[in-house]
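Visitor: Could you walk me through this structure, one question at a time?
Guide: Gladly, let us look at it together.

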Amino acid sequence: MSLLQFDRVSLDEATATLRQEVREFIEDNRRHLPRPNSDFATGHDPEFSAKLGAKRWIGLTWPSEFGGSERSFFERYVVTEEILAAGAPVCAHWIADRQSGPLLLRFGSQAQKEAYLPGITRGESFFSIGMSEPDTGSDLASVRTTAVREGDAYRINGTKIWTTDAHRNHYIICLVRTDAPSEDRHAGLSQIVVDLRQDGAQVRPIANMAGGEDFNEVVFDDVLVPLDRIVGEPGNGWQQVTSELGYERSGPERFLSSFRVFVELIRTLEDPTQTPHAHQNAAVGRIASHIMTMRRMSISVAGMLEQGKEVAQEAALVKELGNSFEKVLPEIARLAAPDRAPELFRRTFEETLLLSPSFTLRGGTREILRGVIARGLGLR
Amino acid sequence: MTEETMDTRQLIIDTAAKMFADQCDKALLDAAERGEFATSLWTLIDDNGFTKLGTSESGTDAADMYAFIKECGRYAVPLPIAETLLVNSWCPAAEGVFSIGELVNTTSTGASVLNVVWGTQARKVIGVSRDSHEVIVVQEPQAGAVSTNIAGEPRAEVHGSGHIVEVKDDPYAQLALTRVNLMAGCLARVLELGIQFAMEREQFGRSISKFQAIQHSLAVVASEVAAAQRAADAAVDALGTDRFVMETAASKSRVGEACGFVAAEVHQIHGAMGFTHEHRLHHFTRRLWAWRDEWGDEFYWQDRLGRALIENGADNAWDFIATRG
């Protein structure tokens, strides 16, 4: 596999059985999907997450010692894509399952793994990401939040922002400065776990333009946490966040955010008494051709993860393609939907369109991703 | 896939790449556009056994054949090689240059076939129509009017008496799949040319590859090119399955959609130099523009794919997409 040649990966028989189980599970839990939405960042439903945990579908690839199911990245991929395509509410456990858990598994201490991972796999313990700050967006190394060691504690001061579900989740893993800035701007950064309910961080929800209150400002005003909350080696934060972002960037959530618009577009066209125009068929076909291709690329990256490979560049490429198309999809659907389209289409379209500006921002802006890809091409 | 088949394929790709890098240069491409058939290159390809790829006697499979076709696209090989390979796989036996075009008319006096690639050179021509597994084999083709596509590749009208042959995998879709692979190879080459030019060209005292505008342009081009490779491979992998036509539809549409964008961006990066006849870039970009229209453009295949999805129903849309392969 090279940056341009994504491996041909075919999902095996085990995933077919699992896929069927997930579909049955979704059918049995329709009441958790009153308004299906494939955007992973909407729909925070702890009860649904606990049910997934009971099926052992959170922490699928993790060791059983910490409550994981020791299954493959392909199996994880299949569970993830089925749940997203159905539009199920996944937000509560999403970050913990996708990146906080893998981060702790890779860099955390044995005590941290024992403390946090089993709760995550049960769908009971939810995490947020503390990276962005009011003056730190794409330039992540410029974070100003400090964690200063004082005896047997770290004193944290600063502000994190755009923190999805900090007002609903249990923990936040923050990227903080543990050493003063030096010439190497990537040095002196660390990751630290803060208990959002116990440690005294102030969480203020921020309304978004789509009418949701999902993200927050999290203020740390002399928040004291024990020393053992540091994840990995102090000062290793930059290496850790960059590896964490690989998990964040290649999954099916990066091309399925607007999938429900596609489904509802088809529903507007499937009336047997009306033959769709060719341009309407073509709109459906065009969307499908993109999703089918990106899905295979995302599976190729799952194959790399399964082999323990670094996926940063490939993941950036999949996210770039996926996020760009997630925004184009509603635009295609809008012009293909019949006049006076049913309410369900209109509502799904509008909800997605209002969320769409975030697609190419969260998890690394389009501009940052293109820089990562350009580096992979040898241009920088 | 076993290691042995992987090795065979890599050997085919490496050998083809070396052969084309040596032989298929700008002078040959220019000559082909003047109507000169590249006889010596054809002989070399034939002598190396590449015209038999995909047949059981050659010990290679269809995926090897399409991998070779992708290499032909990468070097803009101006020969009816994809057509000859398909003819050999549909009705084995004969030797020589064969071609394929669109069947428009069959009467008692014979068949008319349009847009036959290098039709004047072909000893045998096959006419293919949409939605039919039956093709017409014209044994002694009489070439009529010859035109060229936007890439300067000759396309002839051919007449002659013929007989019917039944082809297993939808033949029109197989032709589309040849274009998919030609485009995929050609797209990768156009990206390479763009990267190479951006690194060599200096403005404002540094290589233009150092400018973010250029980096981002090439990053998006690379994303499209990577998507095209994966889409092409997916359709090849569906050969012989009931998904073949739909996977080809998705693939021809997706890869075709990449062509216009990639050609435009890489021309932009090349500036006026890439607009000269002397530069080799246009041999590749004009082929992208030609091939995306041949054997069903994006709209044709999107319409077919979309119709199937709508007939399948909204609540089965995900199941349609989430196949194992």
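Predicted model: local features only at pLDDT ≥ 70, side-chain atom pairs only at ≥ 80, totals over all residues.

Visitor: What share of the residues in chain A is buried?
Guide: Burial here asks for 20 or more other C-beta atoms within 10 Å of a residue's own. Applied to the 380 residues in chain A, that gives a buried share of 56%.

Visitor: Among contacts in chain A between residues at least 6 apart in sequence, what percentage join residues at least 24 apart?
Guide: A contact means C-beta atoms within 7 Å. Among the contacts in chain A between residues at least 6 apart, the part joining residues at least 24 apart is 76%.

Visitor: Where do the domains of chain A lie, and what separates the centres of domain 1 and domain 2?
Guide: Chain A is divided into domain 1 (13–125), domain 2 (129–236) and domain 3 (250–376). Taken over C-alpha atoms, the centres of domain 1 of chain A and domain 2 of chain A are separated by 25 Å.

Visitor: Which helix gives the most to the side of domain 1 of chain A that touches domain 2 of chain A?
Guide: The contact joins 14 residues of domain 1 of chain A to 11 residues of domain 2 of chain A. On the domain 1 side, the elements that give two or more residues are helix H4 (91–107) and helix H5 (110–121) of chain A. By class, that side has seven nonpolar, seven polar and no charged residues. The element that gives the most, with six residues, is H4(A).

Visitor: Which element gives the most to the side of chain A that touches chain B?
Guide: Between the chains, 45 residues of chain A are in contact with 42 residues of chain B. Several helices of chain A each supply at least two residues to this side, including helix H3 (73–86), helix H9 (312–336) and helix H11 (366–376). The side of chain A that touches chain B has 25 nonpolar, nine polar and 11 charged residues. With 17 residues, the element that gives the most is H8(A).

Visitor: What helix of chain B is included in what covers the buried residues of H11(A)?
Guide: The buried residues of H11(A) are A:Leu369, A:Arg370, A:Gly371, A:Val372, A:Ile373 and A:Ala374. Their cover includes H9 of chain A. From chain B, it includes helix H7 (212–237).

Visitor: How far apart are the C-alpha centres of domain 2 of chain B and domain 3 of chain B?
Guide: Chain B is divided into domain 1 (1–79), domain 2 (95–167) and domain 3 (171–321). The contact between domain 2 and domain 3 of chain B takes 11 residues from domain 2 and seven residues from domain 3. The domain 2 side divides into six nonpolar, three polar and two charged residues. The C-alpha centres of these two domains of chain B lie apart by 27 Å.

Visitor: Which strands stand at the edges of the sheet in chain B?
Guide: Seven strands of chain B form an open, mixed sheet in the order E5-E6-E2-E1-E3-E4-E7. Two strands each have a single partner strand, so one side of each is left without a neighbour in the sheet. These edge strands of chain B are E5 (142–148) and E7 (162–166).

Visitor: In which sense, parallel or antiparallel, does E1(B) pair with strand E3 of chain B?
Guide: On one side, strand E1 (residues 98–107) of chain B pairs with strand E2 (residues 110–117) of chain B in the antiparallel sense over five bridges. E1(B) and E2(B) form a hairpin with two residues between them. Towards E3(B), B:Gly101 has B:Gly127 as its bridge partner. E1(B) and strand E3 (residues 124–128) of chain B pair over five bridges, and the sense is parallel.

Visitor: At what angle to E1(B) does helix H5 of chain B run?
Guide: Helix H5 (residues 81–90) of chain B lies across E1, E2, E3, strand E4 (134–138) and E7 of chain B. Relative to E1(B), H5(B) runs at about 70 degrees.

Technical notes:
Residues numbered from 1 in each chain as written. Chains lettered and ligands numbered in written order. Domains from an automatic or database assignment. Contact = placed C-beta atoms within 7 Å. Nonpolar A, V, L, I, M, F, W, Y, C, P; charged D, E, K, R; others polar. Pairing = 2+ DSSP bridges. Helix = DSSP H or I, 4+ residues; strand = E, 2+ residues; numbered from the N terminus. Axes fitted to C-alpha atoms, helices over the stretch in contact; angles between N-to-C directions. Buried ≥ 20, exposed ≤ 12 C-beta atoms within 10 Å, placed from the backbone.
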